[in-house]
Amino acid sequence: MLAALVVVFVLIIAMTLIARYRMCPPDKVLVVYGKLANGLSSRCYHGGSTFVVPFFQSYQYLDLTPITIDIELKGALSSQNIRIDAPASFTIGISTEPEVMQNAATRLLGRSLDEVQQLASEIIMGQMRVVFASMTIEEINNDREKLIAAITKGVEVELHKVGLRMINGNIRDIKDLSGYIDALGKESAARAINDAQIKVAQENQRGAIGRAEAERDQFIRVATAEAEARKGQNTAQVVIAKSNADLAAEQAEAKRRTEAAQKVAEARALQESYKAQQEAELARAAREKAQQQADQIVKAEIDKERVRIDAEAKAAQTKIIQEGQSAAYVIQKDAEAEGVRRVAEGEAAGIRAKLGAEATGIQAKLTAEAEGTRALLDAKAQGFEKLLRVASDTSGATQLLIAENIVRIAEIQAGAIKGLQFEKVIVMGGGAGGQNAGPGQFVQDLYKGVLPIQELAKSVGLNLPTFLGTAAPESPSSAPSSGVPAAPTAKSSVSEAPKKDVS
């Protein structure tokens, strides 16, 4: 609580101190009064700022606003005791001079603008009366500047005493009750009119004279000017001609110098051109020589490098080819070995498969043949049993078999001589008995001699027709157990038969 009170107290003190620090506006005068140093009653500030000590000092402002005062002065006596009326307007204000400002603080502090205006009006009016009393009507009427200066001087002195100063003063009019000023005015007006008329006449005379003199002077001056102009023109023409001549001469000289300079410059340029061309040719020759040398060196270096690169490339190519050939040879040999191994394996497998297939085929063929043989034998056995049942004995069955196969036997017999080519047959003898000797008998005998079909038929008890031949008579030397018919006997006679195919 105490601390808060202290803080509040400090704040109040601070705000009070801040509030007592006063700044003076430019349109006012700050007047600080109270206990001041050096025993002063007050201290005035125009502009700036100051600190007003609380409880010991106070302050007020004096307004610097200008105050306009209209003075209606009437019945003021002149030095000639002529009363005059002189309405005037004055503008006053509080002075900012230090001493006068101090008087204002002393005399005007606390007064209103009306009170100040009233005080100043009385002072100005009194001073105007004093001034009018010291001057005659003529001086007042004729010399207004002196009047204003006298009034301003007297008013300034009196206003400074109360802290004011006069800013502007103007006497609007001056009149008198007796009409003296009007008479003076009329006299002055008449005199002024006469003077003005004289001045007008004089001015007219002076104007005519002046005009004539001016015209004369103008004519003279014009003639002189024309002469001077002509002279100047001639002179100018001379000068122009001279200048043209000089110009032509200068131009000719300049042209000559220019042409000479151009020729010299051309000669120098040509010389420099030749020199530059010579240097360029020398430089070009040197450059071509250097370029040729460089080309030769570069070419030699290139050839050398090309040879080295070719040698390295060839060596590398040879190495690569050798390595490739070696690798290819190894691969080829490996492939050949692999191919041989695979071919051998294939051939072995083929042989094994072929042999297996052949063995299987042979086995199947033998099995089929065995089966066929067995079936044939079974069929023959069955057929033979049926023949036995039909023939009621073995011989009868045999005869039936021979009879059944007689056609086949005859075909076999005929096939023995089938295809024989007889270009020339020599029949020797006349055949058996000699009666039917000839080629027909020879063929018949040959047929019969091929297969003893009659003997075969007889052995089983069959009698074959005679066109199939007859059985040969049994010779005593022939062994009956042999069963082979004797061969037909050839005749000793030889006969040539035509070429004939016997089938």
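This is a predicted model: local features need pLDDT of at least 70, side-chain atom pairs count only at pLDDT 80 or more; totals for chains, interfaces and linings use all residues.
Residues are numbered from 1 along each chain as its sequence is written, and side-chain values use heavy atoms, with hydrogens and water left out.

The protein chain holds 9 helices and 9 strands; these are DSSP runs numbered from the N terminus, with helices being H or I of at least four residues and strands being E of at least two. Contact here means heavy atoms within 4.5 Å. Of the contacts in the protein chain with a separation of 6 or more, 68% are between residues 24 or more positions apart.

Three strands make up an open sheet in the order β3-β2-β5, with antiparallel pairing; two strands count as paired if DSSP finds at least two bridges between them. β3 (42-45) and β5 (57-63) are at the edges, each with a single partner strand, so one side of each has no neighbour in the sheet. Neighbouring strands are turned by 25 degrees against each other on average, direction ignored. Axes are lines fitted to C-alpha atoms, for helices over the stretch in contact, and angles run from 0 to 180 degrees between N-to-C directions. β2 (residues 28-34) pairs with β5 over 7 bridges in the antiparallel sense, and Y61 in β5 is the bridge partner of L30. Lying across β2, β3 and β5 is helix α2 (residues 98-108), which runs at about 120 degrees to β3.

Stay on β5 for a moment and pick out Q57. Q57 counts as buried, at 14% relative accessibility. Leaving aside neighbours within four places in sequence, Q57 is in contact with R20, V32, Y33, G34, K35, L36, F51 and V52.

Most residues other than glycine have a negative phi. F55, in the loop between β4 (49-51) and β5, has a positive phi of about 65 degrees although it is not a glycine. N81, in the loop between β6 (67-77) and β7, likewise has a positive phi, near 60 degrees. F55 is exposed, with a relative accessible area of 83%, and N81 is exposed too, at 62%.

Now for the inside. The largest nonpolar core has 42 residues, and I84, I92, M128, F132, L147, L164 and I174 touch the most other members. A nonpolar core is a set of buried Ala, Val, Leu, Ile, Met, Phe, Trp, Tyr and Cys residues joined through side-chain atoms within 4.5 Å. Helix α3 gives the most to this core, with 7 residues. Another core, of 6 residues, lies apart from it, with C24, L36, Y45 and V52 among them.

Helix α5 (residues 144-161) has 18 residues and reaches 26 Å from its first C-alpha to its last, close to the 26 Å expected; the expected span is 1.5 Å times one less than the number of residues. Its buried residues are L147, I151, G154, V155, E156 and L159. What covers them includes β7 (83-94), α3 (113-133), α4 (137-142) and β8 (164-171). On the α3 side you'll find Q127, which is buried at a relative accessible area of 15%. Leaving aside neighbours within four places in sequence, Q127 is in contact with G154, V155 and E158. Just after α5, G163 takes a positive phi of about 90 degrees.

What about disulfides? A search of the whole structure finds 0, a disulfide being a pair of cysteine sulfur atoms within 2.5 Å. The sulfur of C24 is 9.5 Å from the closest cysteine sulfur, in C44, which is too far for a bond. Both cysteines count as buried, C24 at 8% relative accessibility and C44 at 14%.

Terms used:
Buried means under 20% relative accessible area, exposed over 50%, partly exposed in between (1.4 Å probe, protein chains only).
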